[in-house]
Amino acid sequence: MAAVAKKGDTPVPAGGWDYAPAPESRDIVSFEERYGLFIGGEEVSPRSRAWFPTVSPATEEPLAEVAQAGPKDVALAVDAAREGFEAWRAWKPSERAKVLFRIARILQERARELAVAESLDGGKPIKESRDVDIPLAAAHFFYYAGWADKLEYAFPGRRPRPLGVAAQIVPWNFPLLMLAWKIAPALACGNTVVLKPAETTPLTALLFADVCRQAQVPPGVVNIVTGDGSTGAHLVRSDGIDKVAFTGSTEVGKAIQRELAGRDIALTLELGGKAANIVFDDCALDQAVEGIVNGIYFNQGHVCCAGSRLLVQESIHDQLVRKLKRRMATLRVGDPLDKNTDIGAINSKAQLDRITELVEAGTEEGAEIYQPPCRLPEKGWWFAPTVFTGVAQSHRIAREEIFGPVLSVLTFRTPDEAVEKANNTMYGLSAGVWTEKGSRILWMADRMRAGVVWGNTFNRFDPASPFGGYKESGFGREGGRHGLEAYLRFE
Amino acid sequence: MSARLPVRKTYKLFIGGAFPRSESGRTLDHEGHNVARASRKDARDAVVAARKGFAAWSSATAYNRGQVLYRLAETMETRQAALAAVCSGRREVARAIDRVVWYAGWADKLAQVLGGANPVAGPYFNFTLPEPTGVVAVIAPDEPALDGLVARVLPALAGGNAVVVVASEAHPLAAIELAEAVATSDVPGGVVNVLTGLRAELAPVLAAHMDVNAIDVTGADGDVAALEILAAENVKRVVRAREDRSPWEVGAFMELKTVWHPIGR
């Protein structure tokens, strides 16, 4: 009889433990062959007569065709929103609230369908779309619904008024959730919107158009124009908009800020990040490892606030890296619709190329790469969870946003050095701090030049909690009472 | 016996708590006074000084900042005659001083009015606090000469920022007289910096500067779009006057930080 293995010695088999497949059924969602634009409460064919396919990044199969909105289409959508605004602003705030409550309820009722659609179109694991994206999207509408008839209590001494038509451009990493972050506060404040979903993930926004029909959102209040970056550019250049809200890359954010120069148009930007996740030697190490994994591998690392720079106190570096690698070997990469999947597909070929290029740069610049052994599917776009050790602050993988499942490990000795290194970036979206010492959490939180600081946790989101960046991570906040300010003017 | 000659004032720049001449050696004639004409180098020096001043000012307690700003009102009160001579008169000076007192009182109340606790759906304690954005460039409005400047600078200071002011070309003396009140009021060196000279020469340098966090363009007239294009290079916050007196005028110069921590046994 073999000796009883000591606890903790159990070797992890190469490729992780075997699980039986646990696929979520995709029958719950059926896509149309083609989706037009959603303008003035109706689905319309694009004047541009141009269409493009949206594909599943996990299988490369086309899911549907969507319209490529041109300048005329964008102008029609803005006109519809202008017209819609005249009616919508006259609604009683209490009735506006009910429309938003209805949307929240319908999102809850159709949650499974939307989760499957999100995972199919974007490649994210079903457990994330099911447990994070869709419930939070519904919660966002529920939260802002309640504000619609209470705005005068949000800003004492000021008289809030809607801005008018908001042009909103959202990214592909959390398609429906980012839509909710944009549309819910805009509508609660009495604005109407023209929203452009990302080129690679338009489907849940188009399903949302159907949610609007079910909720009897008045025509023109929500308009959705699909297309690539050129559609977004037409939208930002439109006459007749009063507000631009953009979530995406810092590069495009700067271009939008330049484009709006000298025009009296309100702007909020939620841009890139290169968050430090700082681990002190007195932390609860296993919890920290979970937090590090969640911080960088959540949603394939396609997260603007991802904890992509791990700053470890030197004395625990080796131990922590050992534990981290062991944990990484248990991550399951594969079919987004499998309920056991931890890391799904990379959203697009272009993004996979960018990740690959930066990872090559990391190796060339002398950092040491580790990837657990894992079998990647043959079709689709995939990237194994990756960690670099021996990273210097000057390396590209420590400075540039990779937006993929790639972690860079740096070290520090003193809290002051941790602060210095954490803030040594043009970004300032988020930061994480791991220590069991309460006073140090607050001391560190005070010194982080970042809009969100997670102490002994990471990647938590809530509609009541303001989110947004310092420095080149953008300006303005989404979520909470503070999120209202971006959609109001004051008399 | 001849009559006593008055001792005239030399109007210089205000950078890092000192009153240097422009490194360029240039001056502008303003109603018989030789006013320093700051160079691009002076502007960059002022940003370096402001970054240092910001460290001291932003780490002071809000209560302390309030007291120091109240002290500024005291020093202005004793300089009423000098200030009145460089603006529209004593009534404007009184308005400006009262505005300083008003904003001094805000310093230790902003976090309660602009921040708050957030009831998130989970076992987390979550709060949001306003923090100063950093170094703020202020393009001073021409009118009113003194109170217009105070109305833009004080919200930035009350929030804990350091400022670099491009003085009005029409009223450079008002900015320098104010700087003298600042210099005698316990405001740490570098927290307020004043550049006199040509706006067209100085404002673009500050708008493009990568270590400036925000620019107040209230006093920039035709050139706003050009400044905003430069400001986008590091995603500067571009601020305009919206309300006469308001904590949200301060809020425009502040970032909001949200902190999460788990709750557990």
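Student: Where do helix α8 (residues 199-208) of chain B and α9(B) run relative to each other, and how is that known?

Tutor: In this predicted model, their axes come within 7 Å and cross at roughly 30°.

Student: Why are α8(B) and α9(B) called roughly parallel?

Tutor: Angles under 35 degrees count as roughly parallel. The crossing of α8(B) and α9(B) is at roughly 30°. Therefore α8(B) is roughly parallel to α9(B). As for handedness, α8(B) passes α9(B) in a right-handed crossing.

Student: Which residues of α8(B) and α9(B) meet?

Tutor: From α8(B) come B:Ala203, B:Pro204, B:Ala207 and B:Ala208. From α9(B) come B:Ala226, B:Leu227, B:Leu230 and B:Ala231.

Student: What classes of residue make up the contact of α8(B) with α9(B)?

Tutor: Ala, Leu and Pro count as nonpolar. The contact of α8(B) with α9(B) has eight nonpolar residues, no polar ones and no charged ones.

Student: Now chain A. Why are α2(A) and α4(A) called roughly antiparallel?

Tutor: Helix α2 (residues 93-109) of chain A packs against helix α4 (residues 126-147) of chain A at an angle of about 165°. Their axes are 8 Å apart. Angles over 145 degrees count as roughly antiparallel. Therefore α2(A) and α4(A) are roughly antiparallel to each other. Here α2(A) passes α4(A) in a left-handed crossing.

Student: What residues of α2(A) and α4(A) meet, and of what class are they?

Tutor: Residues of α2(A) in the contact include A:Leu100, A:Phe101 and A:Ile103. Among those of α4(A) are A:Phe141, A:Phe142 and A:Gly146. By class, the contact has 13 nonpolar, two polar and no charged residues. A:Gln108 and A:Gly146 take part in the contact, and Gly counts as polar.

Student: How many helices and strands does chain A have?

Tutor: Chain A has 15 helices and 20 strands.

Student: What makes chain A as compact as a globular protein of its length?

Tutor: Its radius of gyration is 23 Å, close to the 23 Å that the globule rule gives for 491 residues, so chain A is as compact as a globular protein of that length. Its C-alpha trace spans about 75 × 50 × 40 Å along the principal axes. Of its 491 residues, 58% count as buried.

Technical notes
Residues are numbered from 1 along each chain as its sequence is written. Chains are lettered from A and ligands numbered from 1 in the order in which they are written. This is a predicted model: local features need pLDDT of at least 70, side-chain atom pairs count only at pLDDT 80 or more; totals for chains, interfaces and linings use all residues. Axes are lines fitted to C-alpha atoms, for helices over the stretch in contact, and angles run from 0 to 180 degrees between N-to-C directions. Helices (H or I, at least four residues) and strands (E, at least two) are DSSP runs, numbered from the N terminus. Angles under 35 degrees count as roughly parallel, over 145 as roughly antiparallel, 65 to 115 as roughly perpendicular and the rest as oblique. A crossing is left-handed if the near helix is turned anticlockwise from the far one by less than a right angle, and right-handed if clockwise. Two residues are in contact if their C-beta atoms, placed from the backbone, lie within 7 Å. The radius of gyration is taken over C-alpha atoms; the globule rule is 2.2 Å times the number of residues to the power 0.38. A residue is buried if 20 or more other C-beta atoms lie within 10 Å of its own, exposed if 12 or fewer, and partly exposed in between; C-beta atoms are placed from the backbone.
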